[in-house]
Amino acid sequence: MKDVLGTTGLILNEPLLWEKGKRGRSGFSLPVRDVEVSPLAEDLTSPGPDFPDLSEVDVVRHFTRLSTWNFGVDTGTYPLGSCTMKYNPKINDKQAALPGFSGAHPLLPQELSQGILRLMFELERMLAEITGMDAVSLQPSAGAQGELTGMLLIHAYHKSRGRKPSKILVPDTAHGTNPASAALCGYRPIPVASNAQGVLAVESVAKAMDEDTAGIMITNPNTLGLFEENLKGIVDLVHARGGLVYGDGANMNAVLGIMDAGCTGLDVLHLNLHKTFSTPHGGGGPGAGPVCVKKNLEPFLPVPRVVEQDGKYALFSNFPQTIGRLHAFYGNVGVMIRAYSYIRTMGAVNLKKASQLAVLNANYIKERLKTTYHLPYDRPCMHECVFTDKNQAGAKVMTLDIAKRLMDYGFHPPTIYFPLVVNGAIMIEPTETESKDDLDRLIDALQAIAEEAKSNPDLLHQAPTKCKRRRLDEVTAARKPILAG
Amino acid sequence: MRYLPHTDEEIASMLTVVGAKSLDDLFSAVPPSCRRTGGMTLPEPLNEWDLNRHMAGLSSTVAAAPEYKVYAGAGSYEHYIPQVVPYLLSRSEFVTSYTPYQPEMSQGTLQAIYEYQTLSARLLGLEVSNASMYDGASALAEALLMALRVTRKRRIAVSSLIHPHFRRVVQTYLAPTEYEIVELPYLPDGRTDLSSLRNLKDLAALAVQSPNFFGVIEDLKGAADQAHNQGALLVTTFTEPLAYGIVKSPGSLGADIASGEGQSLGIPQSFGGPGLGIFATRMSHVRNMPGRLVGKTVDAEGRQGFVLTLATREQHIRREKATSNICTNNSLCAVAATMYMACLGASGIRELSQLNHDKAEYLKNRLRSAGCKISFASPTFNEFVVEMPPGFEKKYSRLLAEKIVAGVSLETYYPKLKNHHLFCVTETKSKQDMDLLVKEIVS
């Protein structure tokens, strides 16, 4: 393989913030003091926190150097399964930074915040249209909070009908956060196994679904990258037995313009704006996890809600059945602005095209690599495909080694060891913004690594060698935690 | 479409490899019962020119500094953000990366978050801070859930001077469970009335905000003693962490958990979010903490490096027995706060904090001299409550027309406090601005 992306350049060292600087330096410009000092009583005050004193240049070099030890979507292909690491358009960041948005106080009188309220209202309507659901709350701050919101809505719904079920069904191909979100609501998650084809069968749901069960949490497409083809039957069954259906929409990037979640019968569905709608992930957030609901759950949505009357927008909290607030204000508005800007740029036609190309890319990788890596479910996939390390086991090479070696080739590794239903999973989600050239490079690299696994497995065991650091000792980090300097 | 790189030829050749006839053919696994019958009805795609025009139009209808003088705080604060912060924060390696699950190629984020954990723990006077929560309100709710886990008790006492929206979020998080929330009233001096606390049995936590919603600095030492006497944890919250540049930190006064909002630390107001949930506690409680943690370790060659650690507390490992369901947090905001605290330094945060306090005192004294009633006598930081003359609503509206937002009316939150307004002053207001405000109010 020629022209490998990964190489070594000059990587600079940089100490911790408090290991540099000198007392008396400053990196901050204070305004002129135009009022007198008014000291607080001595028993209330302290000398203040022990922060390092740094100059502006110290700070700039410090974080610039740190940033060069990171890898982002702008650096290269980032095929992290179930995370939808698509390109984050720069124009959206510009919109979020407009002074009327970034400088807006959340308790402004409503006549002074019309533009931002209108944006939120329109975004809700667009997400409702995209999903086929009836109403939307933008308030949840991330996918897991969207899940919690969904569970709270289901809980409130049952309560309003005098029911108090104690369980909820969670398939083995659901997202990892689902059981913890359900548990926060007091529900005991009951696992349901997927079938030999990697999807849920109506019969296995039927066995588990009883009167003491609040409903089911379904990730669709699931974490094997497969569409839950029995979904309608499952939905009808759960409804017939008094339960509700929660859709984890973290994988919606596969089905924009294709699936109608509303017609399918989902009662509540969360979206990840930082996945499907291209807002940057920021090294772990902030994201946004709006929930979309059908009419039956609308009365329970979080408050305040944005309402429109005669072209005027207002925040309204007087919904007696609401579950309440999830956020101190209205959620991560800065993220909503980027998603709005993305949807307005794409329009219906390009959103659908994005899903088509995301699915094309995943199937292309699946077909090109399935003779090299073991493919446990050999059938058409949606936006991601899952391989394993079974073919490499003879060489004593594991998924972890393959992932680490991929770094040396200049790629971010896929998601590994997830979903749990597959041993040694290698979960690849290329997204639509990777070109065929990029995919071919990734495929070449993974094929070269498979060859290395046979000829020189130590290359994989020792990987990565070209990053800022070699493999890190995670065991000691957890046994003897050092969490602050 | 400039974000979609495929040419028609490439699509055709890829379809051949895949064995599909068309792009639609790729979706054969989607049954008709799940399919859309028509297209999506969305506005037509906008090019960059039209998008810029449209968004600028929306933005221009929203009141913002410096055109408007906004004296509202109440959980969201206007502070100057040094140019260095947005500049550095826009480094795409920070912005476009995922959670640092692969530490070898995420050392930048990991070291920055380790630095965030260290500086925020120092700011709050505690030993360990997590990698961030969504916001102050959910951080408080998670802190109370943690106190219930640690103490295995069933009741929590919550000061009525905690931000009303924070209290509402706590109720939402606790609603499905059987835990009991007792709200503590406040005293005429603007502090929490703790006198009923000793009658509360089975108490897991006492929750107090300082500076509280009225801007008043609470007696956290007294609150800590009372909570600890009853075997409960003291959970403190805050909306204005810059106070701890001069005001004693919650940890130094006995708080077991400090969890609040860090938006003041270099993060734009953005109509309330994204901000930064800060969550800190003592090392003895670390295994009960929610959220991600970055720890220091070494690599295969013995060199210092950083990893996500203590993951056995978290949802992806422990599933339903996790300490929280939080996964994605507000990492980039935590990095912004680190940059901001690094710019300030020890002397900078003291000076800035003192200046904020002094400016607010100036306005408070001017309003008092002008005949307004300052409702609570206790010392405050940045914010204070003023009882305005009856009929002030008209003047409030007139001031809006003059691009002045004269505080936040408290009646919505505390129905007894008719005509009371919560005023906030930060370093962004000049003496001249404040003199003009007082002149308008008394005129």
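Contact between them involves 19 residues of domain 1 of chain A and 18 residues of domain 2 of chain A; two residues are in contact if their C-beta atoms, placed from the backbone, lie within 7 Å. On the side of domain 1 of chain A that touches domain 2 of chain A there are eight nonpolar, 10 polar and one charged residues. In this classification Ala, Val, Leu, Ile, Met, Phe, Trp, Tyr, Cys and Pro are nonpolar, Asp, Glu, Lys and Arg are charged, and the others, Gly among them, are polar.

Residues are numbered from 1 along each chain as its sequence is written, while chains are lettered from A and ligands numbered from 1 in the order in which they are written. Because the model is predicted, local features need pLDDT of at least 70 and side-chain atom pairs count only at pLDDT 80 or more, whereas totals for chains, interfaces and linings use all residues. The pLDDT, the predictor's confidence in each residue from 0 to 100, averages 97 in chain B, where 100% of the residues score at least 70. The model scores ipTM 0.98 and pTM 0.98.

Chain A contains 14 helices and 12 strands; helices (H or I, at least four residues) and strands (E, at least two) are DSSP runs, numbered from the N terminus. The radius of gyration of chain A is 25 Å, close to the 23 Å that the globule rule gives for 485 residues, so chain A is as compact as a globular protein of that length. This radius is taken over C-alpha atoms, and the rule is 2.2 Å times the number of residues to the power 0.38. Along the principal axes, the C-alpha atoms of chain A fill a box of roughly 75 × 65 × 45 Å. Of the 485 residues in chain A, 61% are buried; a residue is buried if 20 or more other C-beta atoms lie within 10 Å of its own, exposed if 12 or fewer, and partly exposed in between, with C-beta atoms placed from the backbone.

Chain B is also divided, into domain 1 (69-80 + 345-442) and domain 2 (84-340). The C-alpha centres of domain 1 of chain B and domain 2 of chain B lie 27 Å apart, and their contact takes 24 residues from domain 1 of chain B and 23 residues from domain 2 of chain B. On the side of domain 1 of chain B that touches domain 2 of chain B, α10 (331-369) and β12 (383-387) of chain B are the elements that give two or more residues. Of these, α10(B) gives the most, with seven residues.

Between the chains, 170 residues of chain A are in contact with 164 residues of chain B. Helix α10 (residues 333-369) of chain A supplies the largest share of the chain A side, 22 residues. By class, that side has 86 nonpolar, 56 polar and 28 charged residues. B:Gly273 is buried, with 30 other C-beta atoms within 10 Å. Leaving aside neighbours within four places in sequence, the contacts of B:Gly273 include A:His327, A:Phe329, A:Tyr330 and B:Asp135.

The largest nonpolar core has 289 residues, and those with the most contacts inside it are A:Met336, B:Leu144, B:Ala147, B:Leu206, B:Ala207 and B:Met339. Such a core is a set of buried Ala, Val, Leu, Ile, Met, Phe, Trp, Tyr and Cys residues joined through C-beta atoms within 7 Å. Beyond neighbours within four places in sequence, B:Ala147 is in contact with residues including B:Ile156, B:Leu233 and B:Ile257.

Some backbone details complete the picture. A cis peptide bond, with omega about -5 degrees, joins A:Val303 and A:Pro304; A:Pro304 is in the loop between β7 (291-293) and β8 (305-309) of chain A. B:Leu310 is not a glycine, yet its phi is positive, near 55 degrees. B:Leu310 counts as buried, with 22 C-beta neighbours inside 10 Å.

Key
Domain bounds come from an automatic or database domain assignment.
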